Amino acid sequence: MKFVILNYVKPRNFADVQPENDPDGPAWGAYTKALLDAGVMVGGAALRPSHTATTIRLSEGRRDLHDGPYAETKEQLGGFYLIDVPDLDAALEWAARNPAASLGAVEVRPLVQG
Amino acid sequence: MGREAGRPDSAGEARDAAALAAERVARLSYGKLVAMLAVRSRDIAGAEDALAEALLRAIADWRRFGPPANPEAWLVTVARRIDADRWRRAVVAAEGAGDWLLREDGRLASAGLEIPDDRLRLMLVCAHPAIDPAMRTPLMLQVVLGIDARRIASAFLVSPAAMGQRLSRAKARIAEAGLRFELPSRADMPGRAEAVLDAIYAAYSLGWDIAFIDAGRSRDLVEEALWLARLVADLAPEQAEAHALLALVLFAESRRAARRDPATGRFVPLLEQDTGLWDAQLIAEAERALRQAGTLGDRGRFGYEAAIQAVHAARRRTGTADWSAIEHLYRGLVAASPTLGARIGHAVALAETAGAAEALTQLDAIPAARATQHQPYWVARAHLMTLAGDKAGAMEAYGKAIGLTEDAASRRFLTDRRERLDS
C-alpha cells in the first residue's frame with residue numbers, strides 16, 4: 001500500500017536554512033537513507049518555505065491569487081515522502097521516526113490507488 | 001438550581017467529591033469489578049459497558065446522596081442490574097424478575113459484600129493462546145486497568161480507529177469462543193502466566209521507550225505496568241518469573257532520574273549515569289523480589305534479565321560494573337530466550353570481557369533480516385565498531401541508528417556521538 005507522509009514543521013525548520021544553522025539536517029539525511037535502505041521509499045521532496053507559495057482560487061470565473069500558503073498555521077508543509085509498505089501500522093512506524101514528528105507534526109495518508 | 005444557588009461552594013464540593021470517589025473506585029477497582037462481572041457472564045465487552053454505565057449513574061447518585069460506604073459493592077450491584085435489565089429486555093421478562101433483582105440488590109448492598117479478586121483469571125483470559133499475541137497487552141491494559149483505546153493506540157503506534165476495532169474483535173473472540181475464565185491446572189500455569197508476564201513487560205518497555213517522547217504518557221504506562229507486576233506477584237506468589245519480572249521493572253525504574261542530564265535534558269546511557277541519582281528504595285524492593293524469585297526455582301528469561309540489572313545496580317556500591325558476571329548472565333539469557341535484544345546485549349557485554357572483535361562476530365551471527373530495522377542493533381553496532389577502531393563502519397552504523405530513532409533526545413545523543421567520531 002502506498003502512503004504519503006506529510007512533514008509539518010515550523011518555518012525555521014525548513015530544508016533551505018543554511019546547513020550550518022540547521023541542527024536537524026543530519027537527522028533528515030539519516031531518515032531518508034533509512035527509508036531507502038529499507039526499500040520502501042517511492043519518492044518525496046523537500047519544499048521551499050511557505051512564504052514562497054502562491055495560492056490560487058477561481059471563484060465565479062475570476063482568478064483570485066494571493067501570496068503565501070493556503071492555510072496560515074503555526075506549522076507548514078515542509079516536504080513529503082511517498083512510501084510503499086504492507087499496511088497502515090508499518091506506515092505509522094515510519095512516520096513516527098520522521099524528525100517532523102518531534103519538530104511539528106506528521107500526517108499519514110493512504111493513496112487512492114495504493 | 002435555586003436550592004443550590006445560595007451555596008455554590010458546597011454544591012461544587014459535593015460534585016467534586018462524587019466525581020473523585022467515582023474516579024478513585026474506577027482507578028483502583030476497575031479491573032477487579034470487570035473481572036468479577038465477566039467471570040460470570042464470560043462477556044468482557046458487556047461487563048465493561050455495564051460498569052461504564054454504573055459509573056455514570058454513580059456520579060449522579062453520589063452527588064445527591066454522598067458516596068456509599070462500600071462504593072465497590074454499589075457499583076457491582078448497579079452494574080449487575082444494568083446487565084440484567086438488558087438481558088430482561090432482550091429475552092422478554094419473566095414476571096417477578098424485578099422483585100427478585102431488588103431483593104438481590106438489597107442483599108448485596110447490606111451485606112459487607114466481599115468482592116472476589118478475579119483479576120488473575122481476567123489477565124489469563126486476555127493472554128489466552130487464542131488471542132493474537134499482539135493484542136494481549138492492549139487488551140489487558142484496557143480491561144484490567146480501564147485505559148481508553150485512544151491512549152492505548154498512541155502507545156502502540158496504531159491508528160485509534162484500528163485499535164478500537166482490534167480490541168472489540170478480541171473481546172468478541174473471547175465471548176464467541178467461550179473461553180473459560182478459569183485458573184489453569186498447576187502444570188499449565190507457568191506457560192499461561194508467561195504470556196501474562198510478557199504482556200506486562202511489553203507495557204513497561206513501551207513506557208520506557210517513550211520516556212523522552214511523551215513523559216506523561218510514559219509515566220502512566222510505567223506506573224500501570226508496575227502496578228500489574230506487583231499484582232501478579234501477589235496473586236501468583238508461587239511463580240518465580242512473576243517476582244523476577246517485578247524485580248526487573250523495579251531495577252529499570254530505579255534509574256529513571258539518572259537517564260536524563262538535568263542540565264541539558266540529554267540522554268545519559270547506563271554506564272555514564274550518576275549512580276547517586278538511582279532510587280535506593282526501588283533497588284532494595286527489586287533485590288527483595290529477585291531473592292524471592294531465586295528461592296522459588298529455576299531461572300527463566302525474566303530471572304536472568306533481573307539478575308543482569310542487579311549486577312548493574314551493584315555499581316552503586318562497588319563503583320564498577322562486573323562485566324564477567326554480566327556476560328555470564330547474558331549467556332544464560334540467550335540460552336533461555338534467544339531474543340534479538342538478548343543477543344545484542346550479550347554482544348555488548350562480550351566486548352568488555354573478550355574484546356570488540358569477538359563481540360562483532362557475535363553481532364554478525366544475528367540474521368540481517370531480523371536486525372536491519374531494529375534501532376538498538378545499529379546503536380550497538382556503532383558502539384562496537386568504534387571500540388574496534390573501524391571509524392567508517394561506525395559512522396555508517398550511527399547514521400542507520402539515527403534514521404531509525406523516534407525520539408529527539410536519543411537522536412541528538414547519537415548525532416553527537418557520530419560528530420565526536422568525525423573530529
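This tour goes through chain A as a whole and then stops at one residue of chain B.

The model is predicted: local features need pLDDT of at least 70, side-chain atom pairs count only at pLDDT 80 or more, and totals for chains, interfaces and linings use all residues. Residues are numbered from 1 along each chain as its sequence is written, chains are lettered from A in the order in which they are written, and side-chain values use heavy atoms, without hydrogens and water.

The C-alpha trace spans about 45 × 40 × 20 Å along its principal axes.

Next, colour chain A by accessibility. Of its 114 residues, 37% are buried, meaning under 20% relative accessible area with a 1.4 Å probe, protein chains only. The chain exposes about 6800 Å², with 53% supplied by carbon and sulfur atoms (Shrake-Rupley method, 1.4 Å probe).

Now select K400(B), in helix 20 of chain B, residues 391-403. Is K400(B) buried or exposed? It counts as buried because its relative accessibility is 14%.

Then show what surrounds K400(B). Leaving out residues up to four places away in sequence, K400(B) touches D37(A), T372(B) and W378(B), where contact means heavy atoms within 4.5 Å. Finally, draw the distance between the side chains of K400(B) and D37(A): they make a polar contact at 3.1 Å (a pair of N or O atoms within 3.5 Å, one able to donate a hydrogen and the other to accept it; residues adjacent in sequence count only if both atoms are side-chain atoms).

Key: Buried < 20%, exposed > 50% of the residue type's maximum accessible area, 1.4 Å probe, protein only. Helix = DSSP H or I, 4+ residues; strand = E, 2+ residues; numbered from the N terminus.
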